[in-house]
Amino acid sequence: MINYPKIIEELGNIKAIQNLEEVKKLSQDYYYFSPILASILQDKTADLVVIPTSEKEVLKVAQICVKYQIPITVRGAGTGNYGQCIPLNGGIVLDMTQMKKIHWIKSGVACVDAGIKMSVLERETKTQGWELRMIPSTYKIATLGGFIGGGSGGIGSINYGQLRDRGNLNKVRVVTLEKEPKIIELKGDETQQINHAYGTNGIITQLEIPLAPTYNWIDIIVTFDDFITSVKFGQALADSDGIIKKLISIHAQPIANYFIALKSYLPKGENCALLTIAENSLYPLQELVNEYQGKITYQQDLSKENNINLIEFTWNHTTFHVRNIEPNITYLQTFFFTIDKVEEMYNYFGDEVMMHLEFLRVEGKAIPAGLQLVKFSTEERLNEIIKYHEENGAFIANPHTYILEDGGRKKIDIEQLNFKKIVDPYGLMNQGKMKAWKNN
């Protein structure tokens, strides 16, 4: 039995929270998007939340956790969707949100603490003509360290692929949980050892990331009578290298009905494309819209004062809006690879699996990826839907599991396992999330 009053005493001036209500709140994320995870994770909570403000304090927490063999789970803003930062075995949740220093921004690169909010960082980078290469739909509150640890891609992935792609992460500093914890630095390809590892093998304290040139971005809604035509438009736009864009989000009817704030721009029964396009690409975009018989119903310069940002209706914010009205809706994460595969699945499942697509680059090619909305009935039926996709050429990154390997690549990452053996030999970090360690 761990004596937490003694732990708090040893922490000294490092802020610790033991209030049960606050601890429970800081032990959760958006896991309830999945009815499967909702039943498994709803009662999981830490014993203590610790909030460091410096790398030195993180080192001290690591030393205490090793000394008393306390499980530790690292947390950013908790905007993940499948329990990445939920502690399965109690212990300490390490809340990184007060580590938010911007060390420097220069020559298209930023060096920052892991707890910096992505929106705060981008506000600063834009003063120098740069922006983040990709952001989640939760960018207003999401932390950069949390995105690297638990995310995979987002708005901007149409240009820069996924976080794991070479060149999207330059350098990280990591605190280990060895017998004598220390700080190590990983550069270039070495960062893959901790990239999208759910914080199972080291505490990220500082990151160095490459940036993208910023443009005057315009939000645009285009509507279409026919869904497959909207998909073909999305693919054509994704493949149009001369049109500068950072978001191509396609929604089959009746999804638009759930976007209450956009109701004026979405005629009932229409399918829609939510886009973010550079102002200097508006003319060729209009020509492409005309070619596919679309109608532009909304256009807004994002540099102006505006209460609507289309980003917040895309990626998993789409799921959020729909669930606010129909809580029995859940979702899938699907790589279709071709628009023919999209059409096949759309025709097969109909409204049971409402089609929501985001275009992104995979190995240099623009493809449609799905965040389909599923009318949940039973776990058995959900598994049947997943199985059908996988047996018919679509890849599912399963959002209904908290196991690192089962959710994404479906294979053991030997590099991440070997790194964990070195930096977390006692297996204290985010216990139960890495299958490779459990089977080790």
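I began with strand 11 (residues 217-224) and found that it pairs with strand 14 in the antiparallel sense over six bridges. Two strands count as paired if DSSP finds at least two bridges between them; strands (E, at least two residues) and helices (H or I, at least four) are DSSP runs numbered from the N terminus. Across this pairing, Thr223 stands opposite Lys295 in strand 14.

The model is predicted: local features need pLDDT of at least 70, side-chain atom pairs count only at pLDDT 80 or more, and totals for chains, interfaces and linings use all residues. Residues are numbered from 1 along each chain as its sequence is written, and side-chain values use heavy atoms, with hydrogens and water left out.

I then traced the open sheet, in which eight strands follow the order 14-11-13-12-18-19-16-21 with antiparallel pairing. Strand 14 (295-301) and strand 21 (395-396) are at the edges with a single partner strand each, so one side of each lacks a neighbour in the sheet.

Next I looked up the largest nonpolar core, which has 47 residues; Leu121, Leu144, Leu207 and Ile209 have the most contacts inside it. Such a core is a set of buried Ala, Val, Leu, Ile, Met, Phe, Trp, Tyr and Cys residues joined through side-chain atoms within 4.5 Å, where buried means under 20% relative accessible area (1.4 Å probe, protein chains only). Strand 10 gives the most to this core, with four residues.

For Ile209, I set aside neighbours within four places in sequence; its contacts (heavy atoms within 4.5 Å) include Leu121, Leu132 and Leu144. I also noted a second, separate core of 40 residues, with Val231, Phe233, Ala252 and Met355 among them.

Conventions. Buried < 20%, exposed > 50% of the residue type's maximum accessible area, 1.4 Å probe, protein only.
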